[in-house]
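Biologist: Could you walk me through this structure step by step? I would like to see how each answer is reached.

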Amino acid sequence: GFFAMILFDGNYITFFNRLGTTIGSIIIFTCMMLIGPLIAIPRTVTMSHAMIAPFLPIQSLNTITPASSFMFAIIFLSFTYATSFRENRIVDLLGYFISPALLASLIIIIARGIITAETMVVADTTAWNAFKINFMRGYATLDLLGSIFFSSIVIHILKNNVGGMVGFNRKKLASISFKAGAFGITLLAIVYIGLSILSIFHGHALAPSGD
């Protein structure tokens, strides 16, 4: 998705309009709805609420009910909008605050999980089957659709921030993007390997009750 946007100078409208103006507009609208109000936003809010509800000091929010979920959604989405409605602030916010905090939290979780490791869970499937199943599940996260539109924002920010250095040369922009992407993928791989190790030793907690 990112390299596709580089080829189109970050213009996703031109990218989709190759299929025709009408079809392109329909696809853009459909994608926006899927990664927005129809699936991604409700899922993100619901998951966030479910994860932090037990730790919230506000009594009306620390139980999962329709009313508490609605209140949490208003607060959560208002905060998200306030911190991200300016495109040029998104990368700084992610790079300087959210990503370091996320990585630090994950490192603590992985380290603690390894220290307190229990007996190993015996897998009931082959490695290849596990890979195939989860590879397909990965598409359900809608990251591929999101990458097209988020990449458009990132490319515009890159052009504004480092335009004097790389101009609008696609090869140089692609080179910078590839290096940054390789670094990000490496960090992501380390995190996923760590979480996979945790699942090997702590997967017992995921077994259905009474099993």
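Predicted model: local features only at pLDDT ≥ 70, side-chain atom pairs only at ≥ 80, totals over all residues.

Biologist: Is S151 buried or exposed?

Modeller: A residue counts as buried under 20% relative accessible area. The relative accessible area of S151 is 6%, so S151 is buried.

Biologist: Which residues is S151 in contact with, leaving aside its neighbours within four places in sequence?

Modeller: Contact means heavy atoms within 4.5 Å. Once those sequence neighbours are left aside, the partners of S151 are G1, F2 and M5.

Biologist: Which residues does I155 touch, not counting residues up to four places away in sequence?

Modeller: I155 is among the residues with the most contacts inside the largest nonpolar core, which has 13 residues. Helices α1, α3, α8 and α9 each supply at least two residues of that core. Not counting residues up to four places away in sequence, I155 touches F2, M5, I6, D9, G10 and L173.

Biologist: Which residues are included in the second, separate core?

Modeller: This other core is separate and has five residues. Among them are V45, L56, L61 and A73.

Biologist: Now to a pair of helices: is α4 roughly parallel or roughly perpendicular to α5?

Modeller: The axes of α4 (residues 40-52) and α5 (residues 66-84) come within 10 Å and cross at roughly 110°. Angles of 65 to 115 degrees count as roughly perpendicular. Therefore α4 is, relative to α5, roughly perpendicular.

Biologist: How many residues of the contact of α4 with α5 are nonpolar, polar and charged?

Modeller: From α4 the contact takes I41, T44, V45, S48, H49 and I52, and from α5 it takes S68, S69, F72, A73, F76 and L77. Sorting these residues gives seven nonpolar, five polar and no charged.

Biologist: Stepping back to the protein chain, how many helices and strands are there?

Modeller: Read the elements from the N terminus on, and you find α-α-α-α-α-α-α-α-α. The count is nine helices and zero strands.

Biologist: What share of the residues in the protein chain is buried?

Modeller: The protein chain has 211 residues. It exposes about 15100 Å², with carbon and sulfur atoms supplying 72% of that area. The buried share of the residues is 20%.

Technical notes:
Residues numbered from 1 in each chain as written. Heavy atoms only, no water. Axes fitted to C-alpha atoms, helices over the stretch in contact; angles between N-to-C directions. Helix = DSSP H or I, 4+ residues; strand = E, 2+ residues; numbered from the N terminus. Parallel < 35°, antiparallel > 145°, perpendicular 65-115°, else oblique. Nonpolar A, V, L, I, M, F, W, Y, C, P; charged D, E, K, R; others polar. Core = buried A, V, L, I, M, F, W, Y, C linked by side-chain atoms within 4.5 Å. Buried < 20%, exposed > 50% of the residue type's maximum accessible area, 1.4 Å probe, protein only. Areas by Shrake-Rupley, 256 points an atom, 1.4 Å probe, with all protein chains shown as cover.
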